[in-house]
Amino acid sequence: MFQVKAYSATSKTSPLAAASIPRRTPNDHDVQIEILFCGICHSDLHYARDEWNADMPAIYPCVPGHEIVGRVAKVGSAVTKHKPGDLVGVGCMVDSDRTCPNCKEGLEQFCPSQVLTYGGPDKHGTAPVTYGGYSDTIVVDEHFVLSIPASLDLAGAAPLLCAGITTYSPLRHWGVGKGKKVGIVGLGGLGHMGVKFAHAFGAHTVVFTTSPSKKEDALRLGADEVVISKNANEMQKHAGSFDFILDAVAAQHDINAYIQLLARDGNITMVGAPEKPLSVGVFGLIMGRRSFSGSPIGGIDETQEMLNFCGEHNITSDVEVIPIQKVNEAYERILNSDVKYRFSIDMASLKAE
């Protein structure tokens, strides 16, 4: 093992602060990565503050971060996918059992034994749990290390490893493309990526927002239309017309208003995760043979497909780059929706600690 610099939280009420954490010496199939940028996901904040205690209790010290972009520093003797100097990324997973039906189908995100990038069981025994990307180095099995197209802005590429694949995967799964009418509910960290992808896939893309001030930005990102969801007349104009709606809102809202906008056999998929259950009117689903579903991230192969697509179409997240020393301030700004649209940490700033 060896020690690296990181930012960690020692309790649910403590701010993130400089720390030293252990990393394992690379095994035969491991890749050691110098982290260049790490995106901040809302999940980081939830975990650090133990707000998911019922489902995923935090273990301290915790080092968040699962939107990692870096450069390969070392590789194990059996590594074939990557070499020193390569630009690579690591998303929300760093391991799985590789043997279950989900893994065999390339759907590692559904593996019952998946290991999350932070807060997961560390089978190598390096630490009580896995530590994430708020650090200067990470060591990951090559299967879970992704290639980053050299054409992409690295700061903007980091959030692709979570926000990007979280929106790309359901859009692909439900066949979004030319000739389809697609709605994106919410224009935040997830929603703005949904707009970019739906537009790039050739779909007629409509953004739903409660904020008239976001209309101009939605159009800039690729929306064909913008609907102010508080305006009943605007909503009614689109009744029964959508093939697919991606809902990226993590707060309480009227899901039935959007179900009524679906065409026959249309689907609405949740990627936002409201704290409390949503009330769903079943007749709205029955009468149009509509469906209501949810989706997490994608598997490793699909994530690489997404990154390649982004390289071909020059798609990255809109980011505000910050030094690691401002991470606690960034958390508070996320709570106030004060960012367009993701934070990306320049990990070179960690060298100053």
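Contact here means heavy atoms within 4.5 Å, and helices (H or I, at least four residues) and strands (E, at least two) are DSSP runs, numbered from the N terminus. The views show a predicted model, in which local features need pLDDT of at least 70 and side-chain atom pairs count only at pLDDT 80 or more, whereas totals for chains, interfaces and linings use all residues. Residues are numbered from 1 along each chain as its sequence is written, and side-chain values use heavy atoms, with hydrogens and water left out.

**View A. Contact between helices α4 and α10.** On the α4 side, Gly164, Ile165, Tyr168, Ser169 and Arg172 meet Glu302, Thr303, Glu305, Met306 and Phe309 of α10. By class, this contact has four nonpolar, three polar and three charged residues, where Ala, Val, Leu, Ile, Met, Phe, Trp, Tyr, Cys and Pro count as nonpolar, Asp, Glu, Lys and Arg as charged, and the others, Gly among them, as polar. Helix α4 (residues 163-173) and helix α10 (residues 300-313) have axes 10 Å apart and pack at an angle of about 100 degrees, which makes α4 roughly perpendicular to α10. The axes are lines fitted to C-alpha atoms, for helices over the stretch in contact, and angles run from 0 to 180 degrees between N-to-C directions; angles under 35 degrees count as roughly parallel, over 145 as roughly antiparallel, 65 to 115 as roughly perpendicular and the rest as oblique.

**View B. The second largest pocket.** A pocket is an open set of points on a 1 Å grid over the protein atoms alone, with protein on both sides within 12 Å along at least five of seven lines, while a cavity is a set of points where a 1.4 Å probe fits but cannot get out; lining residues have an atom within 4 Å of a point. Grid points are joined across faces, edges and corners, and a volume is the space filled by probe spheres set on the points. The second largest pocket holds about 200 Å³ of space, and among its 14 lining residues Gln109, Phe110, Ser169, His173 and Ser295 lie nearest its centre. Both α4 and β15 (291-294) supply at least two lining residues, with α4 giving the most, three residues. This lining has six nonpolar, seven polar and one charged residues.

View C. The largest cavity contains about 260 Å³ of space and is lined by 20 residues, of which Arg24, Asp122, His124, Thr130 and Val139 lie nearest its centre. Two or more lining residues come from each of β2 (17-23), β6 (93-95) and β8 (137-141), and β8 provides the largest share, four residues. The lining of the largest cavity divides into ten nonpolar, four polar and six charged residues. The second largest cavity, with about 70 Å³ of space, has a lining of eight nonpolar, four polar and no charged residues, including Cys92, Met93, Phe144 and Ile165.

View D. Among the buried residues of α5 are His192, Met193, Lys196 and Phe197. Arginine 333, placed in helix α11 (residues 327-335), counts as buried at 19% relative accessibility. Leaving aside neighbours within four places in sequence, arginine 333 is in contact with Glu320, Asp338, Val339 and Phe343.

Note on methods: Buried < 20%, exposed > 50% of the residue type's maximum accessible area, 1.4 Å probe, protein only.
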